[in-house]
Amino acid sequence: MSRSPAPRTSTAHAIEITGVDRVFTTRRNDVVALSGIDLTVEAGEFVSLIGPSGCGKSTLLRLVADLDTPTAGTVEVFGKTARQARLDQDYGIAFQQAGLLPWRTVAANIELPLKLHGVASDERRRRCAELLELVGLEDFPKAYPEQLSGGMQQRVAIARALAESPRLLLMDEPFGALDEITRERMQNELVRICRETGAAVLFVTHSIPEAVFLSDRVVVMSPRPGRVVDVVRAGGDQMGTSHDRTDDVRDVPDFFHTVARVREHLHGSPQPRGGETR
Ligand SMILES: Nc1ncnc2c1ncn2[C@@H]1O[C@H](COP(=O)(O)OP(=O)(O)OP(=O)(O)O)[C@@H](O)[C@H]1O
């Protein structure tokens, strides 16, 4: 199997999270959602966050997206503050619900961020055609979201997130609502899209096989307070980098071993804390 080079496109970190805490103060008590989080995502790297419900995965993603601010610590995106990166449109976002506007066609949904940022209509149409091809929906520019399957709607959402050619995608369970077959197909599509665009991804999921299949590294988190329990590398000769993944990888021994390793960390094996394992 020929291997692509390691998915690194520049020396700048895509994300650098240092000493981050997030405490929510409610009327009843303080909820320590995140405690002492240190995490770096390299340019072009695919990193998944996995952990039990309530361990702070979405909170961490929201901090990177500047939808929330840390109680302590810093979040940098391509060496900038999260706020500056948001203003510079350095990342695209895709969530579990595709979040498409039902009264707009597929093309109009994809073009929306470009329109909001004043891109001329010719250029918008050109970029939209490119994106429709990238996500395999070139026959559906005039369809409305309700006329599409869940997987197709999610592909429109991904195309929209990619509209401004971001170097980083933030994805919160984007395939969580899809059936297993569609989900695997979407995972394959995402591998291809990342290979073609070189975008880094921070990806939240509840599925261990999904995290292992897609990622260069899987970050395992524990709940209350949300901490990084371990970081498991998914790679090696049989799996290659995140850009090399094909359906065959789902059947190789290293894939099963990595799934088992993530599962052990998730369910609290006696492994020592910290450090990166492979
Ligand atoms: N705005 C808020 N106010 C108070 N507590 C909050 C707020 N947002 C999140 N929390 C709490 O922070 C913790 C982490 O929540 P978060 O949604 O990040 O977890 P998660 O790992 O994404 O969960 P899930 O897998 O169920 O989506 C939870 O205990 C949640 O109740």
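A: An unreviewed UniProt entry lists residues 15–248 as "domain: ABC transporter". The model examined here is a predicted one.

The ligand comes next. Around the ligand stand Phe-24, Thr-26, Val-31, Ala-33, Gly-51, Ser-53, Gly-54, Cys-55, Gly-56, Lys-57, Ser-58 and Thr-59. By class, this shell has seven polar residues, four nonpolar ones and one charged residue. At least two residues of the shell come from strand S2 (30–42), and at least two from helix H1 (57–64). The largest share belongs to H1, with three residues.

A helix pair can be described in the same way. Helix H3 covers residues 106–116 and helix H4 covers residues 121–134. Their axes lie 10 Å apart, and the two helices pack at an angle of about 130 degrees. Because of that angle, H3 counts as oblique to H4. The crossing of H3 past H4 is right-handed. On the H3 side, the contact involves Ala-107, Ile-110, Glu-111, Leu-114 and Lys-115; on the H4 side, Arg-124, Arg-127, Cys-128 and Leu-131 take part. Sorted by class, the contact of H3 with H4 consists of five nonpolar and four charged residues, with no polar ones.

Definitions and conventions:
Residues numbered from 1 in each chain as written. Predicted model: local features only at pLDDT ≥ 70, side-chain atom pairs only at ≥ 80, totals over all residues. Near = placed C-beta within 6 Å. Helix = DSSP H or I, 4+ residues; strand = E, 2+ residues; numbered from the N terminus. Nonpolar A, V, L, I, M, F, W, Y, C, P; charged D, E, K, R; others polar. UniProt positions renumbered as here; feature names shortened; annotations may be inferred. Axes fitted to C-alpha atoms, helices over the stretch in contact; angles between N-to-C directions. Parallel < 35°, antiparallel > 145°, perpendicular 65-115°, else oblique. Left-handed = near helix turned anticlockwise from the far one by under 90°. Contact = placed C-beta atoms within 7 Å.
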